[in-house]
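I opened my notebook to look up a few features, one entry at a time. I keep each entry to what can be checked against the coordinates.

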Amino acid sequence: MNKTIRRASVFCLLMVLALLVRATWVQAYEARALADDEHNRRNTIAQYAQPLGDIIVAGSPVTGSKETDGDDLRYKRTYTQGDLYAAVTGYSSQAYGATQLEGIYSDVLDGTDDRLKNPADMLTGERTDPGDVLTTIDPDVQKAAYEALGDDRGAAVAMDPESGRILGMVSSPSYDPSDISGTTDGDAWQRQKLLDDTSKPLVNRALRQPLPPGSTFKLVVASAALENGLYGSVDEPTDSPDPYTLPGTSTVLSNENPSAPCENATLRTALQYSCNNVFAKVAADLGQDKLKAMADAFGFDTEELDVPVRASQSVYPTGMDKAQTALTGIGQFEVTATPMQMAMVSAALANGGELASPHMVSKVTDSDGSTLQEFPDSDTERVVKASTAKQLRSAMVTVVDEGTGSNAKIDGAEVGGKTGTAQNGVDNSNTPYAWFTSYAKDDSTGKQVAVAVVVEDSGAARSEVSGNGLAAPIAQKMMKAALKG
């Protein structure tokens with residue numbers, strides 16, 4: 001054979017081999033990456049080719065699917081009472097993706113999760129019937145929180161102290177996910193100004209908006225004082241001058257009520273009247289390391305708090321001087337907390353000092369109702385001794401029965417709580433935040449609930465902003481609904 005022809009034949013053969021190797025590489029190694037690429041529209045078409053599975057509340061779906069008109073995306077997501085449950089479900093949008101439970105369990109809800117497939121489906125790659133996500137939400141508690149918050153900007157969380165089940169989660173202002181579930185809903189997105197709205201309706205404030213917790217943090221400080229032996233009981237007088245000057249400064253820390261009996265007050269009295277001098281002095285005496293250890297035991301500084309939606313980190317700061325440490329004792333300086341975190345504080349005290357892992361999904365099922373994944377109710381960690389929790393519950397009851405939390409009272413129930421009014425802005429130049437964290441226990445059934453509420457802005461005058469005036473009534477309605485259910 002002619003040498004030139006032989007060389008050309010070898011070259012062509014090598015080119016064919018190279019093409020075969022490349023094709024094999026793409027099919028064997030790059031197929032998954034190409035299939036999962038966000039720009040691959042086939043994935044979106046397949047996702048919405050059939051009705052999605054549902055997110056379930058108390059046995060009833062709060063989501064649905066409906067057929068579209070002439071689009072290659074055959075079905076779109078719908079929501080029942082979308083505004084009410086937006087902080088739970090998130091949204092599933094053909095144009096904007098999915099968030100929260102919709103995003104976390106998207107593979108289950110669209111039928112692509114491998115756990116839904118039988119061996120034949122695994123071989124053929126056939127899409128299976130979608131599964132469902134069952135939540136722990138109590139619709140009565142959810143509705144009570146949503147209606148009580150109304151037009152106020154803020155958030156509320158309720159949980160079962162013993163099981164960790166989240167019974168209600170509301171963020172206000174809310175939005176209706178149905179309005180943005182299709183491909184041509186850009187006008188609705190713009191009309192509602194969901195991204196540009198300064199009130200941030202897309203942010204789940206209950207989980208993702210850490211704010212200064214104000215005097216509600218005094219429960220953590222009181223826990224640290226008892227656990228570290230600084231004081232033997234909530235009824236032992238403290239060493240707390242009034243007025244109190246921050247260590248190393250000339251700054252005098254005042255109390256909201258100048259006539260309150262705060263000088264050398266017991267922890268019970270200091271919680272009842274929310275005495276700043278007592279808790280600032282306790283914080284300075286304990287030091288930041290002991291306070292941080294106590295805060296972290298309650299869940300502060302946890303980077304991966306998944307319920308299963310990830311909560312933003314609540315923070316107890318470090319590297320402070322003594323004056324700054326004193327300010328953390330009243331929930332100021334750089335202390336931040338989410339409503340979820342402050343609900344966890346009350347829940348741990350209500351549960352005898354043990355913190356149950358908070359969660360708002362009870363199980364994930366396939367289309368036949370068989371369980372794919374279940375979330376236990378018994379996963380707890382010891383935060384404080386049972387005796388410490390008992391003393392602080394007693395002091396929290398005093399706050400409600402005789403102190404600053406009177407608007408949380410419920411007939412026939414033991415209710416304990418702590419109010420907070422947290423500074424907002426430089427030199428408290430903006431409207432303060434109103435907080436309330438609490439627990440309630442039905443005297444006859446023993447049923448319990450823990451709640452935290454923050455009102456960022458109610459439109460009320462600064463002089464009318466207080467935890468008892470704005471946040472406690474919301475918590476009271478939520479607790480009442482939970483105990484009745």
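The axes themselves are lines fitted to C-alpha atoms, for helices over the stretch in contact, and the angles run from 0 to 180 degrees between N-to-C directions.

**Entry: ground rules**

I noted that this is a predicted model, in which local features need pLDDT of at least 70 and side-chain atom pairs count only at pLDDT 80 or more, while totals for chains, interfaces and linings use all residues. Residues are numbered from 1 along each chain as its sequence is written, and side-chain values use heavy atoms, with hydrogens and water left out.

**Entry: the chain as a whole**

I looked up the elements and found 17 helices and 20 strands in the protein chain, where helices (H or I, at least four residues) and strands (E, at least two) are DSSP runs numbered from the N terminus. Of the 485 residues, 51% count as buried; buried means under 20% relative accessible area, exposed means over 50%, and partly exposed lies in between, with a 1.4 Å probe and protein chains only. Among the contacts (heavy atoms within 4.5 Å) with a separation of 6 or more, 67% come from residues 24 or more positions apart.

**Entry: helix 10 and its partner**

I reminded myself that two packed helices are described by the angle between their axes and the distance between the axes. Helix 10 (residues 218-227) packs with helix 16 (residues 386-402) at about 140 degrees, their axes 10 Å apart, and the two are therefore oblique to each other. Which residues meet here? From helix 10 they are Leu219, Ala222, Ser223, Leu226 and Glu227, and from helix 16 they are Thr388, Gln391, Leu392 and Met396. By class, this contact has five nonpolar, three polar and one charged residue, given that Ala, Val, Leu, Ile, Met, Phe, Trp, Tyr, Cys and Pro count as nonpolar, Asp, Glu, Lys and Arg as charged, and the others, Gly among them, as polar.

I then asked how many residues of helix 10 are buried. Nine of its ten residues are, so helix 10 is largely enclosed by the rest of the structure; Lys218, Ser223 and Leu226 are among the buried ones. Just after helix 10, Gly229 takes a positive phi of about 75 degrees.

**Entry: helix 3 against helix 7**

Helix 3 (residues 82-89) and helix 7 (residues 139-149) pack at about 110 degrees, with axes 10 Å apart, which makes helix 3 roughly perpendicular to helix 7. Asp83, Leu84, Tyr85 and Val88 of helix 3 make the contact with Pro139, Gln142, Lys143 and Tyr146 of helix 7, a set of five nonpolar, one polar and two charged residues.

**Entry: the disulfide**

A disulfide is counted as a pair of cysteine sulfur atoms within 2.5 Å, and by this rule I found one. Cys262 and Cys275 form the disulfide, with their sulfur atoms 2.1 Å apart. Cys262 is in the loop between strand 11 (252-253) and helix 11 (267-273), and Cys275 is in the loop between helix 11 and helix 12 (276-286), 13 residues apart. The link of Cys262 and Cys275 is left-handed, with -75 degrees about the S-S bond. Are these cysteines buried or exposed? Cys262 is buried at 1% relative accessibility, and Cys275 is buried at 0%.

**Entry: two buried residues**

Gln341 lies in helix 15 (residues 339-350) and is buried, with a relative accessible area of 1%. Leaving aside neighbours within four places in sequence, Gln341 is in contact with Phe298, Gly299, Phe300 and Ser314.

Ser362 lies in strand 15 (residues 361-365) and counts as buried at 13% relative accessibility. Ser362 and Ile137 are 225 residues apart in sequence, and 9.4 Å apart in space from C-alpha to C-alpha.

**Entry: backbone exceptions**

Most residues other than glycine have a negative phi, and most peptide bonds are trans. I found a cis peptide bond from Ser172 to Pro173, with omega near 5 degrees, and another joining Asp242 and Pro243, with omega about 10 degrees. Phe333 has a positive phi near 55 degrees, lies in the loop between helix 14 (322-328) and helix 15, and is partly exposed at 32%.

Key
Angles under 35 degrees count as roughly parallel, over 145 as roughly antiparallel, 65 to 115 as roughly perpendicular and the rest as oblique.
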